[in-house]
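Hi,

Here is the structure I said I would pass on. Have a look at it first, and then read my notes below.

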Amino acid sequence: MNKIEQLHNKVAQAHLGGGQARIDSQHKKGKLTARERLLLLLDEGSFEELGMLVENRNKGLTTEQEQFLGDGVVTGYGTISGRLVYVFSQDFTVYGGSLSEPHAKKICKIMDLAMENGAPLIGLNDSGGARIQEGVVSLGGYADIFYRNTRASGVIPQISAIMGPCAGGAVYSPAITDFIMMVEQTSYMFVTGPNVVKTVTHEEVTSEELGGANTHASKSGVTHFACANEVECIQYIKQLLSYVPQNCEDKAPVYPYTLGNETRTALNTLIPENPNQPYDMKEVIAELTDENSFFEVHKDFAENIIVGFARIAGRSIGIVANQPAHLAGVLDIHASVKGARFTRFCDAFNIPLLVLVDVPGFLPGTDQEWNGIITNGAKLLFALSEATVPKLTLTTRKAYGGAYCVMNSKHIGADLNFAFPNAEIAVMGAKGAVEIIFKKEIDSSPNPEQRMNELVADYTERFANPYLAAEKGYIDEVIVPDQARIKLIKGYAMLENKVVNMPRKKHGNIPL
Ligand code: HXC
């Protein structure tokens, strides 16, 4: 065999991973292999593999080990829509994709390259966790990865796709990254699996219920996306990347857009006159943003707030919006955390923010108080206050109380604050306010109900409008709704070169 043939043989062997039988078994589970996933993810012919011939140790803690080229992870770089990305894809056919020391070193190598060259890191995870035969060196390998994830946070976008098991401490690398995608039915994430849960807490629960895609998309919020299958998951990664820059010093890609008729007449009738009647804020978003450009993040978690990317005249923005169609758009613990995390991503990566406000306030009650609505609500306040990207606010209807302050008010650094004419910017709704300040008068009235109605009407007339805030300059402009898109386009263009210097500090101390 000549030298070139020898190389071809080694490459062919590496491509087989843990062997054809294990590849077949992977397919039978409805899963693609590590290499098939990369082929789908990256531009055709763009993948360059590094470390293909790295081998696992030949001796484990106790036994000789079968040798596999690549050691359970395929690493390298390539392009997505022509833009450079670094990737690792765990190969479940080799020791269940479990993480050995050489496996971890391969991942660390491409993480270092991604950082030094300022390009996103994408991890396709499919792993049985720490390589049991290796013992503590495997744990060390994980920690090396966690450390790099943390150093890279806010420097390059990091995306984790979970396409198989992800258990034990292994979940913490994805958790540190910016976005997690999970595949329904074939992936799960948990710190301890159903067996340990049963032993410790006597709960009987399946893997899917405990840590499947839908559980984490709706209950815990651990994953940002639950994907129907692996192909959809990979599609989401590509779509997400289209809104974000390569690194924190770069700007997001701009899509070609020619200005036309930007008046959106539907907005004049979309918001119901009755302040208690719900409507879908996503319809407002669809009118304000470029056609079909809204890409929702965390869709099934804390639905009372909406977050996601969109484009306005071809430029990326991040949207944080109350959703009156769900719990009246109230701010609670989950909504605050969801909004804060998304805000911080956008701010770290120079993506301007749009905050749409229709919020009755923070959710009252023992559950919220005992679980820390104070600390958690403060996260959203902190995140929006510290953000220095262009920040625009549009109050579509209610902005009451503390939630008024939090939702990107002028006072916390919004650049432009718009309101629709029916906006109600006040300490609280008319009924609640009247019940407090006119309690004695109402109680002593010969007809309390009638007096109450008169006072509510009077309060509504005097306070439930945007003009008191506009008088003080807290609202820059009260606008006819159909003009909102034009105002946003012009506003973002005006703020294109915004620079804010933060006070000197090591880092802030966001309430955690
Ligand atoms: C070495 C492993 C392995 C592991 C699986 N394999 N997990 N080898 N270390 N952690 C091997 C199996 O021996 C098998 O080898 C092959 O991978 C496929 O595994 P199966 O069990 O046949 O597959 P499946 O039925 O799909 O089940 C997958 C699984 C299960 C749910 C992941 O294998 C499992 O529970 N593994 C152990 C998980 C675990 O406890 N990991 C350690 C967690 S602690 P063959 O030769 O038959 O193909 C941890 C600490 C990290 O991760 C801490 C970081 C701080």
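Predicted model: local features only at pLDDT ≥ 70, side-chain atom pairs only at ≥ 80, totals over all residues.

**Around helix α9**

The buried residues of α9 pack against β7, β8, α8 (207-211) and β9 (225-227). Those buried residues in α9, which runs over residues 213-220, are Ala213, Thr215, His216 and Ala217.

The loop between β7 (179-183) and β8 (188-190) holds Gln185, and Gln185 has a positive phi of about 75° although it is not a glycine.

You will find Ala302 in the loop between β10 (295-297) and β11 (305-312). Ala302 has 22 C-beta neighbours inside 10 Å, so Ala302 counts as buried.

**The chain as a whole**

Stepping back for a moment, the chain has 21 helices and 17 strands. Along its principal axes the C-alpha trace spans about 100 × 60 × 45 Å. The radius of gyration is 26 Å, which agrees with the value near 24 Å that a compact globule of 512 residues would have. Of those 512 residues, 46% are buried. As for contacts with a sequence separation of 6 or more, 72% of them are between residues 24 or more positions apart.

**Two helix pairs**

I looked at how some of the helices pack. Take α4 (residues 101-117) and α5 (residues 136-152): their axes come within 9 Å and cross at roughly 10°. An angle under 35 degrees counts as roughly parallel, so that is what α4 is to α5. The crossing of these two, α4 and α5, is left-handed. On the α4 side the contact is made by Glu101, His103, Ala104, Ile107, Cys108, Met111, Ala114 and Met115. The α5 side brings in Val137, Ser138, Gly141, Tyr142, Asp144, Ile145, Arg148 and Ala152. Sorted by class, the α4 contact with α5 has 10 nonpolar, 3 polar and 3 charged residues.

Then there are α17 (residues 430-437) and α19 (residues 448-463), which pack with their axes 9 Å apart and at an angle of about 120°. α17 and α19 are therefore oblique to each other. Here the crossing is right-handed. From α17, the residues making the contact are Ala430, Lys431, Ala433 and Val434; from α19, they are Met452, Leu455, Val456, Tyr459 and Thr460. By class, the contact of α17 with α19 comes to 7 nonpolar, 1 polar and 1 charged residues.

Val284 sits in helix α12 (residues 281-288). It has 25 other C-beta atoms within 10 Å, so Val284 is buried. Which residues does Val284 touch, leaving aside its neighbours within four places in sequence? They are Leu267, Leu270, Leu356 and Thr396. One of these, Leu356, is 72 residues away from Val284 along the chain, and the C-alpha atoms of the two are separated by 9.1 Å.

Ala383 is in helix α15 (residues 373-386). With 25 other C-beta atoms within 10 Å, Ala383 is buried. Not counting residues up to four places away in sequence, Ala383 touches Ala340, Thr343, Arg344 and Ile510. How far from Ala383 is Lys439 in space, given that they are 56 residues apart in sequence? From C-alpha to C-alpha, Ala383 and Lys439 are 38 Å apart.

That is what I have for now. Happy to go through any of it with you on screen.

Cheers

Key. Residues numbered from 1 in each chain as written. Axes fitted to C-alpha atoms, helices over the stretch in contact; angles between N-to-C directions. Helix = DSSP H or I, 4+ residues; strand = E, 2+ residues; numbered from the N terminus. Parallel < 35°, antiparallel > 145°, perpendicular 65-115°, else oblique. Left-handed = near helix turned anticlockwise from the far one by under 90°. Contact = placed C-beta atoms within 7 Å. Nonpolar A, V, L, I, M, F, W, Y, C, P; charged D, E, K, R; others polar. Rg over C-alpha atoms; globule rule 2.2 N^0.38 Å. Buried ≥ 20, exposed ≤ 12 C-beta atoms within 10 Å, placed from the backbone.
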